[in-house]
Amino acid sequence: MRHIISILIENEAGALSRVAGLFSARGYNIESLTVAPTEDSSLSRMTIVTTGTDRVIEQITKQLNKLIDVVKLLELTDGPYIEREMMLLKVEATTEESQQQLRRLLDVFEGHLIDHTSTTMTIQLTETGEQLDSFIAALTDYEILETVRSGLSGIARGDKYLKI
């Protein structure tokens, strides 16, 4: 089962390495990892997507909580949450017709055209991973030249939040 773990971690050199090391030392896979500073410059928020049984995830969270750099941890998949991922996609679009079709597809998926040349279009989409995959699947008539995905970011819904 897929799990999303958000961590407030001290914004110090080596903190990310210690978290990644915990996963690799135990043979756990990180499917997605995003890290960025919070409004408090001494803390970063890390979002990890991994898979495993409830027992495995319980072990992971216990081990993470033992790390000195970890300030607080929240498993988002324990309750309602919102997830988003950003994708930049460069697509070959050499004719006016293909460019118009791509613009219509962008409207359906609520994407943004962020760069356009006579032969390529660069697109930005911010959605769930499933919706990004659906957009890619809809591009059967186009050659995808390059894809960049940010990794998942998530936040709990409602009154639940991760803050010290």
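This is a predicted model: local features need pLDDT of at least 70, side-chain atom pairs count only at pLDDT 80 or more; totals for chains, interfaces and linings use all residues.

Reader: What makes H3 roughly antiparallel to H4?

Author: Helix H3 (residues 96-109) and helix H4 (residues 129-137) pack at an angle of about 160°, and their axes are 11 Å apart. Angles over 145 degrees count as roughly antiparallel, so H3 gets that label relative to H4. The crossing of H3 past H4 is right-handed.

Reader: Which residues meet where H3 and H4 touch?

Author: From H3 you have Leu 105, Leu 106 and Phe 109, and they meet Gln 131, Ser 134 and Phe 135 of H4. That contact divides into four nonpolar residues, two polar and no charged.

Reader: How do you know that the buried residues of H4 line one face of the helix?

Author: The buried ones are Gly 129, Leu 132 and Phe 135. Looking down the axis of H4, they fall within an arc of 115°, so they line one face. Glu 130 and Ala 137 are exposed on the other side of H4. The cover over the buried residues includes strand E5 (81-92), H3, E7 and strand E8 (143-149).

Reader: And why is Thr 122 called buried?

Author: Buried means under 20% relative accessible area, and Thr 122 has 12%, so Thr 122 counts as buried. Thr 122 lies in strand E7 (residues 120-127). Leaving out residues up to four places away in sequence, Thr 122 touches Leu 89, Lys 90, His 112, Leu 113, Ile 114 and Asp 115.

Terms used. Residues are numbered from 1 along each chain as its sequence is written. Side-chain values use heavy atoms; hydrogens and water are left out. Axes are lines fitted to C-alpha atoms, for helices over the stretch in contact, and angles run from 0 to 180 degrees between N-to-C directions. Helices (H or I, at least four residues) and strands (E, at least two) are DSSP runs, numbered from the N terminus. Angles under 35 degrees count as roughly parallel, over 145 as roughly antiparallel, 65 to 115 as roughly perpendicular and the rest as oblique. A crossing is left-handed if the near helix is turned anticlockwise from the far one by less than a right angle, and right-handed if clockwise. Contact means heavy atoms within 4.5 Å. Ala, Val, Leu, Ile, Met, Phe, Trp, Tyr, Cys and Pro count as nonpolar, Asp, Glu, Lys and Arg as charged, and the others, Gly among them, as polar. Buried means under 20% relative accessible area, exposed over 50%, partly exposed in between (1.4 Å probe, protein chains only). The arc is that of the directions from the helix axis to the C-beta atoms.
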